[in-house]
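Here's a friendly walk through one protein model, taken a piece at a time. Have a look at the picture first, then read on.

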Amino acid sequence: MQPDHAADTAPLFETINVSKSFGVFRAISNVSFRVSDGEFVSIVGPNGAGKTTLVNVVTGLLRPTAGAVRFLGRDIAGIGPVELARLGMSRTFQLVNIFPALTVRETLAVAVASRLRRVGNPFRSLGRDDALQADVERVAEVLGLRARLETVALALSQGEKKLLDIASAFALNPVVILLDEPTSGVSTGDKHAIMGVLVAAAKAAGVRAIVQVEHDMDLVERYSHRIVALQEGTVLADMPPDAFFKDPAMIAAVAGTRPQTQRKPH
């Protein structure tokens, strides 16, 4: 994906002065940022910066205490992740969110059936639904899971479980996909493999933007078009990665160290 800077006046989604409090504790305060066509945006910050709260507000799990959240021009504050997925935004979670006893095929079939609003007894009919199964196989193919379709999720490697979680989000045909630490818990080599598959799959599936919460600065530098840095619940910076990683004070505030690899072009 390449960012479409002409679309800056019409973002796919945006937060406008969003705050969220839990009792007297304010987790995020007056957070504003936007995501446009073609962008890969990374949200970074130290532990306790408000990243998870922001993601939960953006994806409708939490209603903001103040401010607005808009997706495709619609107010989505508190709408909930199921309805939001039907509108075109889906997410993955830091902790893998799969059913260990289901096969890869069954897991993806449930996601596709949810998108198609087939909410009866899915396992009675999913195996006989040729169109649904074709969609399942398409998603498995682009995420590199075609050979594992009949494998139960419990038997997958940690990297494959991450890919299955991501594939379930892709099965919802999202306009925007939001990734919460998509490579946590996997080896360094697997991290780059997962991100490569993910970016290629997004292009193939017509995903218009990716937003990730990530603490691995190597991945942030390599894949991001923009970085939104949070500190103590507020936006510390919103800038391109080249500028971000040239600022020692920014690195110290957000990450503490400078990655050793160089950013590669998309």
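## Starting with Ala237

Which residues does Ala237 touch, not counting residues up to four places away in sequence? The list is Ile227, Val228, Ala229 and Met250, where contact means heavy atoms within 4.5 Å. Take Met250: it sits 13 residues from Ala237 in sequence, and the two are 8.3 Å apart in space, C-alpha to C-alpha.

Ala237 belongs to strand S10 (residues 234-239). Helices (H or I, at least four residues) and strands (E, at least two) are DSSP runs, numbered from the N terminus. Ala237 is also buried, at 8% relative accessible area. Buried means under 20% relative accessible area, exposed over 50%, and partly exposed in between (1.4 Å probe, protein chains only).

## Ground rules

This is a predicted model, so local features need pLDDT of at least 70 and side-chain atom pairs count only at pLDDT 80 or more, while totals for chains, interfaces and linings use all residues. Residues are numbered from 1 along each chain as its sequence is written, and side-chain values use heavy atoms, with hydrogens and water left out.

## A strand tucked inside

Now move to strand S3 (residues 40-44). Five of its five residues are buried, so S3 is largely enclosed by the rest of the structure. In a regular strand the side chains alternate between the two faces of the sheet. Both faces of S3 are covered, with Phe40, Ser42 and Val44 buried on one side and Val41 and Ile43 buried on the other.

What runs alongside S3? Two strands pair if DSSP finds at least two bridges between them. S3 has four bridges to strand S8 (residues 209-213), and these two run parallel; Ser42 has Gln212 as its bridge partner there. Another four bridges join S3 to strand S9 (residues 226-231), again in parallel, and in S9 the partner of Val41 is Arg226.

## Two nonpolar cores

A nonpolar core is a set of buried Ala, Val, Leu, Ile, Met, Phe, Trp, Tyr and Cys residues joined through side-chain atoms within 4.5 Å. The largest one here has 36 residues, and Leu108, Phe170 and Ile210 have the most contacts inside it. Among the elements that each supply at least two residues of this core are helix H3 (104-115), helix H6 (158-170) and strand S7 (176-180). A second, separate core has 27 residues, including Phe13, Ile43, Val69 and Ala209.

## Charged pairs

Side chains of opposite charge can pair when their charged atoms come close. A salt bridge is a side-chain nitrogen of Lys or Arg within 4 Å of a carboxyl oxygen of Asp or Glu, and by this rule the count is 12. One of them joins Glu14 and Arg34 (3.3 Å, N to O). Glu14 lies in strand S1 (residues 13-22) and Arg34 in strand S2 (residues 25-35), 20 residues apart. Glu14 is buried at 14%, whereas Arg34 is partly exposed at 35%.

Another salt bridge ties Arg105 to Glu150 (2.8 Å, N to O). Arg105 is in helix H3 and Glu150 in the loop between H5 and H6, 45 residues apart. Arg105 counts as buried at 19%, but Glu150 is exposed at 54%. Asp135 and Arg138 meet as well (2.6 Å, N to O); they are three residues apart in helix H5, so about one helical turn separates them. Finally, salt bridges with shared partners join Arg105, Glu137, Glu141, Arg146 and Glu150 into one network.
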